[in-house]
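Have a look at the picture first, and then we'll pick through some of its parts.

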Amino acid sequence: MNIEDLEKERNEGIENLPLQERRKFLQMGLAVTGVFLGGSVLSLTSVSYAGNQSSPDTDIPAEDQYPYPKHYGMVMRQNRCIDCEKCVEACKQTNHVPDAHGAYRTAIQERLTTENGVEKREFRPVLCNHCNRPPCVRVCPTKATYKDPETGIVVMDYKKCIGCKTCMAACPYNARYFNEEKYAIDKCNFCIDTRLAEGKTETACAAACPARVRIFGDLKDKSTEIYRLLHTPDTKIWVLRPDTGALPNVFYMNA
Amino acid sequence: MTNKSISAIFAETAEPRLATPGMNRATIFFLIVTVVGLSCGVLAFIFGHHVIYHNTREMPWGMLISTYAFWAITSTGLCIYAAMSHVFGGTRMGIVSNRMVWMSIICIMAAFSTIGVEIASPHRMLIYNILSPNPTSNIWWMGTLYGLAVGCMIVEFAGIVTGLAKIALILGVLGAIAEVFANSCLGGVFATLPARPYWYGAQLPIYFLTAAFLSGAAAAVLFNFLAYKIRGEKMSQTVHLAVKSAGKAMTLVLILYAVATFWRLVSFYVGGPELGRTAADALISGPLSINFWVIEICIGLLLPIMLIILSRLENVGMMAMAGFLILVGQFVARYDLVVAGQIVPQNLGWDGLPSYFSYVPSIFEFGVIAGGIGVVALGFLMGERVFGKTFTQKEHH
């Protein structure tokens, strides 16, 4: 509808508006305010509006600004996680993660919270966030860790790793560990070598999850489930430690 | 260029008076400390760095990194004071600047030997620092610039010893510039990590440079005092003035450093991320509080100030003691800085984690530290023995 045409219409007032309409309007208002508060105040970023040019620190680039031919990311539907750790096990098997203390590419964190006086256990799956502005990549002296130019996945070139551990200190997500077998730093690479290279479309952890917590895919491809989830209106989406400015590609929601 | 043979050069620079049984015993003792200490680090290459050192996934950096920073910072300080005396001339420290150049080289060697056994694969570093450099990496710049600096200083020192004053002057300035930038990049390694609020911020590189001026002056006072102590003779008037001058610099920078430390800590309590505040709490009232209050503040700050006041900048022994205590304080300050930056779990609130991780360095880490001290002590004694006359000559150019 054209704004000029609207102006010609007679104001019908708000008295006769159905309750449903009022609620919708209120929701929209909250959603818009949420967008503008997102990131800085609420530590949330509404991905539906993430492509907004006026906000340079949004979490996913504007539609025409994806820097990689494919732009892989993951959505965690956090409230679905039951801590069965099948993802952790599948990752260990697929990516030959050593059976050593502190050696893991993905993990599930847990905490006890209280909601309306009832104790609740909360689980949060974590892994490398494959950031758009990855602190680990910037600090590596030998480019042993870098963004794969095809997929945007943060990968390791083990033979170049000098083991200075600066990437471990720089990572806001504790996503890196010293792999004593490779004698280099290791991390999640979205199974780029173990599954994606073989034509599989999911990471080992996502494929193993019985509750479909982890949705992996190309953020750019409108036909993917991850795209649909990230662009569903009224969905509260958040990222971990947005204050570090790393622009992660792992998004959290309750759905 | 003179055609003097190497033995003739050494004959001119050596200090035969120091070839005493006592000196020999001390030299052998520190040689053993160096070999045994650094062997602890070599064990890491045999049994695994993850086995020998107490670093973890959550706290990847420990005492070896802080000690590396300590020696590198001290080296920068010594190098800057020496270069300033060379360039501007006329400063009272000029007469002892050759010794400062030597000790700057020795301190950076201690730093290199410490980090050399800390890094998991230094051989890959030698190859890929050249083949695959990352210009956005502070570590790359720091390593490259410290490498450049030590190269310059070694040529500078060779110039000093062989009487090539012009080369010594140019290389001395280049070396000092490289050292300042390297020091700044070392600060930048920590300062540019937003994931670690206790380190992140523009102040840290300046803080590191301030620490360099402090440690450098303290080391200058201490090593000059020791040089005359082992000779068993009194300082000449000019050397005394030089040490006094270093003492003044030490006092002034100690005050600046204390002010910087104060505001640095205050800044965590006026807002900002909780991680930074909890880390600062570790120093003020947490697991690092004894280190902070007893060693950093009492031993590294208050006691030296008292000693300096009592010495009236005349009593070199007292000033040297103050310098020594400042260095002890600085050593622990580097440790506290490195540890506090990682001691608070990044995912605090999850997994029932405590507010602080526990990190106690392994016996092998202490061994490597001893090895680094051994390098410096051995370097000092050997320097005095082999180049002693160069250090005590009235003017070198």
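An axis here is a line fitted to C-alpha atoms, for helices over the stretch in contact, and angles run from 0 to 180 degrees between N-to-C directions. Helices (H or I, at least four residues) and strands (E, at least two) are DSSP runs, numbered from the N terminus.

Which residues make this contact? Helix 1 of chain B brings F10(B), E12(B) and T13(B), while helix 14 of chain B brings V386(B), F387(B), K389(B) and T390(B). Being in contact means that the C-beta atoms, placed from the backbone, lie within 7 Å. Sorted by class, the contact has three nonpolar, two polar and two charged residues. Nonpolar means Ala, Val, Leu, Ile, Met, Phe, Trp, Tyr, Cys and Pro, charged means Asp, Glu, Lys and Arg, and the others, Gly among them, are polar.

Keep in mind that this is a predicted model: local features need pLDDT of at least 70, side-chain atom pairs count only at pLDDT 80 or more, and totals for chains, interfaces and linings use all residues. Residues are numbered from 1 along each chain as its sequence is written, with chains lettered from A and ligands numbered from 1 in the order in which they are written. The score called pLDDT is the predictor's confidence in each residue, from 0 to 100. Chain B averages 94, and 97% of its residues score at least 70. Within chain B, confidence is lowest in helix 1 (residues 6-13), with a mean of 82, and highest in helix 13 (residues 316-343), at 98. The model as a whole gets ipTM 0.93 and pTM 0.89.

Helix 13 of chain B has a packing partner too: helix 12 of chain B (residues 289-311), at an angle of about 160° and with the axes 8 Å apart. That pair is therefore roughly antiparallel. Their contact holds 19 nonpolar, five polar and two charged residues.

How do the two chains meet? In total, 36 residues of chain B are in contact with 32 residues of chain A. On the chain B side, helix 3 (49-52), helix 6 (122-131) and helix 7 (138-162) each supply at least two residues. Helix 6 of chain B gives the most, with five.

Now for chain A, where four strands form an open, mixed sheet in the order 8-1-10-9. Strand 8 (214-218) and strand 9 (237-238) of chain A sit at the edges with a single partner strand each, so one side of each has no neighbour in the sheet. Strands pair if DSSP finds at least two bridges between them. Here are some of the pairs in chain A:

| Strands of chain A | Sense | Bridges |
|---|---|---|
| Strand 1 and strand 8 | antiparallel | five bridges |
| Strand 1 and strand 10 | parallel | four bridges |
| Strand 9 and strand 10 | antiparallel | two bridges |
| Strand 2 and strand 3 | antiparallel | nine bridges |

Strand 2 and strand 3 of chain A form a hairpin with two residues between them, and N116(A) in the turn has a positive phi of about 50°.

Terms used:
Parallel < 35°, antiparallel > 145°, perpendicular 65-115°, else oblique.
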